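Visitor: Hi, I'd like to look around this protein with you. Can you put it up on the screen?
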Amino acid sequence: MCGLAGFMSRSFPDPERRLIAMTDAIIHRGPDSSGHWVDANAGVALGHRRLSIVDLSSAGHQPMTSASGRYVFVFNGEIYNHLDLRADLEAAGFAPAWRGLSDTETLIAGFDAWGVTTTIGRAIGMFAFAVWDRQNRKLILGRDRIGEKPLYYGWQGEGEQATFLFGSELRALRAHPVCGSEIDRGAVVQFMRHGHVGESNAIYKGLHKLPPGCLAELSLDKPEPAVTQYWSAVEALRPTAADIDPATAVDELDALLRDAVARQMVADVPLGAFLSGGVDSSLVVGLMQAQSARPVRTFSIGFNEPRYNEAEFAKQVATHLGTQHTELYVGDAELRDVVPILPHIYTEPFADSSQIPTFLVSKLARESVTVALSGDGGDELFGGYDRYRQGASFMQRLRYVPAPLRPAIAAAVKTVPTSMLDTVLAPFLAVPAGKEPNGQRMHRLADYAASRSVDELHRKMVSRWPRPCDVVIGGAEPQSLLGSLLPPSGSEGDAARMMLLDVLTYLPDDILAKVDRASMRVSLECRAPFLDHRVVEFAGRLPQDLKLREGKSKWALRQVLYRYVPAALIERPKMGFEVPVGIWLRGPLKDWAQALLDPERLDREGFLNARLLSEKWAEHLSERFNWGPQLWNALMFLAWLESER
């Protein structure tokens, strides 16, 4: 795992120094070595920071030039089938005289033999890369199918100073003197809705993210990046009419996951896994231990609030499997130490509160290993989130109500004060610690009931602020895959539709961004076997009733898991990697939050609505409402803004 950076421009003053500044800004992504390549005549500079994982020798040094001399390459990621690709190259007579055993060398040999697009289409892995084609004098950027590895890019500067910048993190681009810092208020609106700046957007004007599964080509003569898709999640997850026997499907899934895990266990450095005790991470660890001659190193984070603590379950799974397990309980001191550095970890606003335990478990693991496997992707692909089952059930009931009447019914419910609903429902519905009171929850469900489609319902379910333009001063919401750019609907049911939308948006923009930035901050490579594209495509072929079946989520995954871990250790209500942010904001983080939400400060900064935030903050402190997730979005933006000064 590594970090890359570079630029292309007709104006080329002091390129080496500027390139070094860009790669030094992401040294945490690759502390083992650095490399720089500059062609002043072509106006191109490529830089690299290396975290050595496979082939620790200098034979894996980047930037790397192909045997033909045509391609110069910088690469961030891992190709899990690169030895198979080497064998294919050798069988076809295309193999060069190999210098080492790195997957980087395999890929660039494939470029010489098959071209860039074909090679990437044959690769199993996670990656972001930039390659300069000397023959055609064009730059090609690429990103893996699901979006595990990040890649930012964009033109900055005017006239002769115009420069195309690219890199693994925004901080690399910002290290170039031509890069601007004007904040895109539309991106802030999107952030306030979802807690991340998603899809192709970035927090600064003129900068973008390359979408997953895409390549971008450009040159100084054709400067507008031409973005093409080489793999489509929409196509991969489109339902088929195949009738698959459940027992056969479970056997096939077991074999496929075993292979994916085995491939991702290959490393020339110490390796372990994150273990929460849930279905996904327990299955990954079970498959690892079944294929390992030694106890697998496992790591988990615990909380002192029982409602949010999964560490005890992780420990039980670890004991059963015989792993070498390490756990860390997060107290107020660790919390106060981590929160101030979050903006520096994520480099643009990011507000999934599980970013805290994700960073802490990454830091814990890095003390012992350099690579960690995770269970990320299992929920989105196999139906793990409660919102899939609940949303589908909700839509089924809503269809008995004519769409034009739904907003009126919702409005009627919301005329009842939340305080009255709290009083009426108190004897029947207990409110777990840190969760929204019953009245607030009923008003939220009333908003859901006004939905005219599953797409609208899903968007509401994944929105923190349902009307983010009310929060952001002068902001307009950009087009989105959850808004005006929705992918066409097919024959999929409601749950499958929500899963697809999450794979396109929530998975890459929240889950994978969270894990990448947190793990790479401590120079830890994180791998996700569920995101092997063969597993993704299998999940697409799997009938929905083998995902949500007999009242259970992830039915097929559970059947595989129970071959390695007893059901009694797993069967409990899903908790997720959730943290008690609402409780913390009333406790150890209260002073920090109070300072950031000071109305005079908000007015001076001019981005967020001071009156609205003051109202929500007062309601949250009164405990009549729980606005923890909404306030966390605002606080993470404000903390990031402060870090930019």
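Visitor: How do the residues of the lining of the second largest pocket divide into nonpolar, polar and charged?
Guide: The lining has 12 nonpolar, five polar and four charged residues. Ala, Val, Leu, Ile, Met, Phe, Trp, Tyr, Cys and Pro count as nonpolar; Asp, Glu, Lys and Arg count as charged; the others, Gly among them, count as polar. One caution: this is a predicted model, where local features need pLDDT of at least 70, side-chain atom pairs count only at pLDDT 80 or more, and totals for chains, interfaces and linings use all residues. Residues are numbered from 1 along each chain as its sequence is written, and side-chain values use heavy atoms, with hydrogens and water left out.

Visitor: How much space lies in the second largest pocket?
Guide: About 400 Å³. Of its 21 lining residues, Pro211, Pro212, Gln229, Leu481 and Leu504 are the closest to the centre. A pocket is an open set of points on a 1 Å grid over the protein atoms alone, with protein on both sides within 12 Å along at least five of seven lines; a cavity is a set where a 1.4 Å probe fits but cannot get out; lining residues have an atom within 4 Å of a point. Points are joined across faces, edges and corners, and the volume is the space filled by probe spheres set on them.

Visitor: Which helices each supply at least two residues of that pocket's lining?
Guide: Helix H7 (233–236), helix H20 (494–504) and helix H21 (506–521). Helices (H or I, at least four residues) and strands (E, at least two) are DSSP runs, numbered from the N terminus.

Visitor: What about the second largest cavity, what volume does that have?
Guide: About 110 Å³. It is lined by 15 residues, and the closest to its centre are Cys2, Arg50, Val54, Asp103 and Thr104. Strand S5 (71–79) and helix H3 (103–114) are the elements that give two or more residues. The largest share, three residues, comes from S5.

Visitor: New topic. How many aromatic pairs does a search of the whole structure find?
Guide: It finds 22. Rings of Phe, Tyr and Trp (its six-membered ring) pair if their centres lie within 6.5 Å; planes under 30 degrees apart are stacked, over 60 edge-to-face, and the rest tilted. Phe164 and Phe166 are a tilted pair, 6.3 Å centre to centre, with 40° between the planes.

Visitor: Is Phe164 buried or exposed?
Guide: Buried, with a relative accessible area of 0%. Phe166 is buried too, also at 0%. Buried means under 20% relative accessible area, exposed over 50%, and partly exposed in between (1.4 Å probe, protein chains only).

Visitor: Why is the pair of Phe191 and Phe637 tilted?
Guide: Because their planes lie at 45°, with the ring centres 6.5 Å apart. This pair links distant parts of the chain: Phe191 is in helix H6 (residues 185–194) and Phe637 in helix H28 (residues 628–643), 446 residues apart. Both Phe191 and Phe637 are buried.

Visitor: Which residue has its charged end over the ring of Trp98?
Guide: Arg86, 4.0 Å from the ring centre. Arg122 lies over the face of Trp114, 3.9 Å from the ring centre. A charge sits over a ring if NZ of Lys or CZ of Arg is within 6 Å of the ring centre and within 35 degrees of the ring normal.
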